[in-house]
Amino acid sequence: MSGCYWVMLCGVIGLLAVCTSAKAQADTEKDNTLVEVLRQAYHQNPTLRAARLQLKSSHENLSQAAAGWRPTVTATGEVLANTTVGSNFGNADGSTSKEVGIGFNQPIYQGGQVYAEYEATNKRILAQSAVLNSTVQQILLEAVAAYMDVLRDEALLDLSRQNENVIARQLEAANDRFTVGELTKTDVAQSEARHARALSDTIAAKADLETSRARFEQIVGTFPHTLVYSDVSLPLPETVQDAVELAQVQNPDILSAEMLHEASEHDIRDIFGELLPSLSLFGNWARTYDPQPGTIDNTTSKSVGATLTIPLYQAGSVRSRVRQAKYDSNRLFIEIMEVKRQIRQNVIANWEAWKAAKAEIDSRKRQVEASMVAREGVYYENELGARTVLDTLDADQ
């Protein structure tokens, strides 16, 4: 989702924020406004709900990455049955010893791997959040399109029915005039053909309306009982260049690409950390009851130490992975440039389409006014014999 549509939908999301304290789903018997429909889609659309769960799942990766800084503690217990023959302590048949212990390990330095992994995970969460925002915009745009498609197809069905009624009256009038000899059989046949076409147009309009309603229900989650035209005004940039600059900064697809690139840079540091030394502290405490063989009741052992690991040679695999990670990072940087170019192209195309649509609306209004005048003139000319029935049918169409 990008460009001018993104700017428009930012305003729509703002409208949703104002209305979030209301019920998530409106009563289906009342009129459904655009804002109410968008609220329903925002809360109920399964694609959005799945995307939110995906974001929550990615947050858990941050806790897993942070675990590299924390100690691990383990407790052990052991029961051992012993049979000893030929011991200095004599033979022990069926004796049992018990042992309990506890140990810990605290990483001190891991070559910077933990920090790099944590930062990379954080960037990927931000990228996933941007993906969620992009999905929200896409779903809301689809909801707006579905909303307007239903209204459009309802209007087209009404027009088809009105056209069918008008042509039906003209067919009836043509039959009456044919009866008294004013028209020929050809004129009647033309009216019948146009009436049959009007019937087929009505049937097609009904099918289109049901298709649009099904699409609306898929996206929003409710059946569009009674939709109303909503007067929603959204702030838009003054110029196309302003829209491009805004999209370059705020478009979620660009933000996601940038965050993934930053995460890849931390991945390089994470892998390189495998070449560096690591240091950790450890401690253990254990007590054995009835140790065998022996005559004492229990023994206790305690130990505390540090472990230093210095990698010397890894057969070249780690350095190969470092080079591979660098290539991936460069690729992601190039993809940022590609996304920015695509967003710019989308903004300009959508901006020009929006301007063209506004101009076409004005032109269509003038066309309607002129057509109404022409239609009225054709009717008068037909009554005077200067126009045929076909001319009248064309004017109605």
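A residue is termed buried under 20% relative accessible area, exposed over 50% and partly exposed in between (1.4 Å probe, protein chains only). The structure is a predicted model in which local features need pLDDT of at least 70 and side-chain atom pairs count only at pLDDT 80 or more, whereas totals for chains, interfaces and linings use all residues. Residues are numbered from 1 along each chain as its sequence is written, and side-chain values use heavy atoms, with hydrogens and water left out.

Two aromatic pairs are present, a pair being rings of Phe, Tyr and Trp (its six-membered ring) with centres within 6.5 Å; planes under 30 degrees apart count as stacked, over 60 as edge-to-face and the rest as tilted. Trp-69 and Tyr-118 form a tilted pair, 5.2 Å centre to centre with 50 degrees between the planes. Trp-69 is partly exposed at 42% relative accessibility, and Tyr-118 is likewise partly exposed, at 24%. In the edge-to-face pair of Trp-351 and Trp-354, the centres are 5.1 Å apart and the planes 65 degrees apart. Trp-351 is buried, with a relative accessible area of 6%, while Trp-354 is partly exposed at 27%.

Leu-227 is in contact (heavy atoms within 4.5 Å) with Asn-32, Val-37, Tyr-147, Val-150, Leu-151 and Phe-216, not counting residues up to four places away in sequence.
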